[in-house]
Each structure stands twice: as C-alpha cells, then as structure tokens.
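I set down each look-up in turn.

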Amino acid sequence: MVNSHNGRVGVGVHAPEYKLDVDGDVQLFVLNKKKRISDYVKKFNVCDYGAIGDGLADDTDAINAAFLAAASNDMVYFPAGIYKVRQATAVAAKGVIVAGDGRGVSIITRVGTEPVFSVSGADVTIQDLGVDGNSESYPVGSTLILGQSSGLRVLGCALYRSPGSGISLTGATLTCATSTVADCDVYDCKGAGILLNKATDCVVLGCRVQRSQLDGIVLQQSCQRCIVSTNFVTLNCLTGGLAGISVDNSNDIAIIHNVVSQTKTDRPGFCTPNNQGPSFRLQVAGNQLFDNMGGGVYVPAQWPWRGHDLLACA
C-alpha cells in the first residue's frame, strides 16, 4: 500500500521508494534521497578528463572518459558550467551517482540527436543538473534521459527543450522498476513531459511539468503499481496529446494530490482513454483540476468501473 499517515491513500498500490505522507514535505524526501558531494572523497570530475564547460567546446569525449573511469557506486561530478554533448552518455555501472552543483548552474546541452543520458545500470542517481535538449537547433530525437534500469533516481533536475519527452522510464527492452523522478522542472518538451512505458513500482513526485506539446505526464503500455503525486502540471497538450495526466492500459496506479490546470487543445486534466486497453484499480484522489479546456476528468463510457476505481477530485 502507499504509506500514508492519514489513511486516505491506498488501493493496493505499492512503491518501495514512497516513504512519506502524501501531504508531507517533498523537499525533505528528496534531500534524504540525494547523495552529498562532500561524502565522496574520490570524485570523477569531468573537467579532470578534459571537459571545458564553457558552452562552446564539445565535451562529449571528456565526459565519456570520466564515466568509463568510474566504477560502481562512484560519483561523476559536473561543476558549474555549460557542457555540450553530441551523443548519449551510457551510464551502465551499478550505483553511479551523476551530480552537479544545481539545476541552474551545471547544465548539459544536447547538440545531436541522441538522449543526453542512457541509463542501463541499476541504482543510478542523477541529481542537481540542468539538461537542455536544444530542440530548436536539433529537432530530431526522442528523450533527454532514457531510463531502462531498476532503482534510477532523477532528483532536483531541470529537463527542458526536448525534441521528445523530458524523461522516459521504459521497460521496452530492459526492466524499468522502482525508479523515482522527484522535484524536477520539466518544460517546453515537444512530446510528453514525463513518460512511463511498461514501468513497474515507479514514482513521479513533486515535479513541475509545463508547456509540453503533448501530455504532461503519461503512463502507458502495462505500467504497474506506480504513483504520481504532488506534481504541478500546467499548460500542457499545446498541440495534441491526451490529457494533463493520462493513464492507458496500466494497472494499480495512484494519481494523488496533483494540481493540473490549463490543459490545452480541448484536452482534460486527467483521462484514461482505453486506446491501448483498459486500466484497472486506479486511484485518482485529492487532485485539483481546474481551467482545463476539456474538463477535469474523462473516462470512456465503456470503462469497467465495478469495484476497481476511486475518483475524488476538486
């Protein structure tokens, strides 16, 4: 069940990462999950491997060299600067921490067609980085962070101007489970802001998702036991998509205590469209849905309600 001190949440949904009251302190939750740079005596500073971080030089090879040198549970550190990368950095070692000095000061700018990070290693943490998809100059691509692993944590990052989604947690080829996206700013994406695809036991918590061309947050293709809570989702579906938050063909999903507003192109704040197949055991509770062009909630007339679902929104 979702851990909650007030007893209002829980429909058989379980996510091991989610250990705070749904009305609790998101910032404290994130702070407890982040790794402190000062705790790592041995840090793989990308500048020590030749990265310049001046927003002009191509730092791809230097960054890849730092990741190749790092072993499991090591930290790869991006000091303040703007780092240009032309291809994806593969994060394959277990437990690697990728850390910057803050989402507004340690910025990685994409100058190619691939994701910035492609994560296949288990228990990877990416924190305090800005990731600029630079989609006006490089409009081809699918996502900025591709997570295909278990235990991925993306904390306190800014993900913006993606040619596709800001972050994609997908189990299409590998297992994507027990992963967390928390306290992130995701905006100006050409696709969905945050995409969960065949993800299991994942959490999206306390994020601000704005101005996506498609959905703000979407769960699809057999996601299971995921929680979307305490997010601010506004001005999405600028050119299409399904809803501010949508769930399709996924089971045991909790959409709780989010604010969803100003969804455009006649899309609702929340929907479960049944395009890929029905969703069961959904909890959509305690959300604030307002000023959405397509109304607050949409479910198809043939949706199987009996005994499975709770809808309680303001």
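Is tyrosine 187 buried, partly exposed or exposed? I find tyrosine 187 partly exposed, at a relative accessible area of 25%.

Entry on the model. I am working with a predicted model. I note a mean pLDDT of 86 for the chain, with 86% of its residues at 70 or more.

Entry on aromatic pairs. I searched the whole structure and recorded four aromatic pairs. I looked up the burial of both partners. Phenylalanine 78 has a relative accessible area of 0% and is buried; tyrosine 83, at 1%, is buried too.

I then turned to tyrosine 160 and tyrosine 187, whose ring centres lie 5.1 Å apart. Their planes meet at 5°, so this pair is stacked. Tyrosine 160 belongs to strand 13 (residues 158-160) and tyrosine 187 to strand 16 (residues 185-187), so the pair ties together parts that are 27 residues apart in sequence. Tyrosine 160 has 12% relative accessibility and therefore counts as buried, the limit being under 20%. Tyrosine 187, at 25%, is partly exposed.

Entry on confidence. Over residues 1-23 I see pLDDT stay under 50. The model has 68 contacts beyond four places in sequence for residues 1-23.

Methods. Residues numbered from 1 in each chain as written. Predicted model: local features only at pLDDT ≥ 70, side-chain atom pairs only at ≥ 80, totals over all residues. Heavy atoms only, no water. Phe/Tyr/Trp six-rings, centres within 6.5 Å; stacked < 30°, edge-to-face > 60°. Buried < 20%, exposed > 50% of the residue type's maximum accessible area, 1.4 Å probe, protein only. Helix = DSSP H or I, 4+ residues; strand = E, 2+ residues; numbered from the N terminus. pLDDT = per-residue confidence, 0-100. Contact = heavy atoms within 4.5 Å.
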